[in-house]
Amino acid sequence: MLAPDDYTLRPLTADDEAILWDLLYFGIKRSEGTEPPREIVQRPEYARYVEGWGGPDDLGFVAHDKSAGGLLGAVWMRAPFAQDAPPELAFVVKPGFRHHGIGASLLTQMMRANSHLSAVALRMSATSPAVRLFERFGFVIENENEQAVVMHRAI
């Protein structure tokens, strides 16, 4: 089990696009017992979260294992894809490292860097554990459908 002293967080840079492509794959919802092909991340509905990473509105953090240097997870967001929409946030912790506090550490870092953030769109179901984590930060579900939720918080 990983403890907070076992991993480090750092800001994502323009050089981290490859890391995000890798993590994006792990963030794609899977049917029980199936693994999607790696090429699925190139679909437009997924690629938009990573393609051309490193612009002025791109912000995120990545977690690495201190001893092995392995990639554990990341949280990142880009400018909204539609006018008057909240920014879409991608949030992934690799399987095998979930439920160790890494996601909470990543989200804490993101919220510290964006204390003004009052709304976020998440491409996940309202029953996702990540949604519960956002609720701990004061977010509440404003809109939801089968694929995504929009969460809001008063600041």
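Select N114 first: beyond its neighbours within four places in sequence, N114 is in contact (heavy atoms within 4.5 Å) with L59, M77 and R153. This is a predicted model, in which local features need pLDDT of at least 70, side-chain atom pairs count only at pLDDT 80 or more, and totals for chains, interfaces and linings use all residues. Residues are numbered from 1 along each chain as its sequence is written, and side-chain values use heavy atoms, with hydrogens and water left out.

N114 lies in the loop between α3 (102-113) and β5 (119-122); helices (H or I, at least four residues) and strands (E, at least two) are DSSP runs, numbered from the N terminus.

Next, select helix α1, residues 17-27. Its buried residues are I19, L20, W21, L23, L24, Y25 and F26. Show what covers them: the cover includes β1 (7-11), α2 (44-47), β2 (59-65), β3 (71-77) and β4 (88-93).

Now display the strands. Seven of them form an open sheet with mixed pairing, in the order β1-β2-β3-β4-β5-β7-β6; two strands pair if DSSP finds at least two bridges between them. β1 and β6 (140-144) each have a single partner strand, so one side of each has no neighbour in the sheet. From one strand to the next, the twist averages 25°, with axes as lines fitted to C-alpha atoms, for helices over the stretch in contact, and angles from 0 to 180 degrees between N-to-C directions.

Zoom in on β5 and β7 (residues 149-152), which run antiparallel and are joined by four bridges. Here L122 stands opposite V149 in β7.

How values were computed: Buried means under 20% relative accessible area, exposed over 50%, partly exposed in between (1.4 Å probe, protein chains only).
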